Amino acid sequence: MQGPEASHIALTWNGEPGRVEELTHGALLHQAERAAAALARFGVRAGDRVAVHLPLVPESVIATLACGRLDAIRTTLPVSLTVPELAARLGESGTGVLITADAAFWDGSVRPVKPVLDHALARSTATGAGRLPHTVLVVNRCSRPVSWKPGRDKWWHEALAEN
């Protein structure tokens, strides 16, 4: 985006105590372009579903805009879902790419996000529930150690940096 609007704040995010992020229109659209390119590299095409299992963070907005650029369908998987609920939704989603976070800060503490997803994916695999994601993009929000499945799991920031 060029012009005077590019430097205007488009998104202000207030997260855990003391953490504020602001993105201008230009920066937000640039991130969405990079995310769309990354999703396309992982095989996302028009009409495909992209599952988003993120807390309310800027990357959630970026993922939505990236899906719009590709004419892909964003499927929201709330981070509040239990393992059985998430497993059922994963089986129904038919998504090839899923975006999640390592963890999230809410209600005054850090809560796991990817570990819950990993348990749900294992449960879905065990029950043979539909098509499961071949790629899991992990947003590093809380710098927590997470289990990693080589070949499937990839860091969001590294995938975006490949553009």
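Buried here means under 20% relative accessible area, and everything below comes from a predicted model.

**View 1. Helix α2 and the residue that follows.** Helix α2 covers residues 58–70, which makes 13 residues. From first C-alpha to last it reaches 19 Å, close to the 18 Å expected at 1.5 Å a residue. Look along the helix for its buried residues: P58, E59, S60, I62, A63, A66, C67 and L70. Just after α2 comes D71, with a positive phi of about 60°.

**View 2. Where α1 meets α2.** Helix α1 (residues 25–41) packs against α2 at an angle of about 60°, and the two axes sit 8 Å apart. The crossing is right-handed. On the α1 side, the contact is made by L28, L29, Q31, A32, E33, A35, A36, L39 and A40. Facing them from α2 are V61, I62, L65, A66, C67, R69 and L70. Sorted by class, that gives 13 nonpolar residues, one polar and two charged.

View 3. Strand β8 (residues 135–139) is largely enclosed by the rest of the structure, because five of its five residues are buried. T135, L137 and V139 point one way, while V136 and V138 point the other.

**View 4. The neighbours of β8.** Strand β5 (residues 97–101) runs parallel to β8, joined by five bridges. Strand β9 (residues 153–155) is parallel to β8 too, with three bridges.

How values were computed. Residues are numbered from 1 along each chain as its sequence is written. This is a predicted model: local features need pLDDT of at least 70, side-chain atom pairs count only at pLDDT 80 or more; totals for chains, interfaces and linings use all residues. Side-chain values use heavy atoms; hydrogens and water are left out. Helices (H or I, at least four residues) and strands (E, at least two) are DSSP runs, numbered from the N terminus. The expected span of a helix is 1.5 Å times one less than its number of residues. Buried means under 20% relative accessible area, exposed over 50%, partly exposed in between (1.4 Å probe, protein chains only). Axes are lines fitted to C-alpha atoms, for helices over the stretch in contact, and angles run from 0 to 180 degrees between N-to-C directions. A crossing is left-handed if the near helix is turned anticlockwise from the far one by less than a right angle, and right-handed if clockwise. Contact means heavy atoms within 4.5 Å. Ala, Val, Leu, Ile, Met, Phe, Trp, Tyr, Cys and Pro count as nonpolar, Asp, Glu, Lys and Arg as charged, and the others, Gly among them, as polar. Two strands pair if DSSP finds at least two bridges between them.
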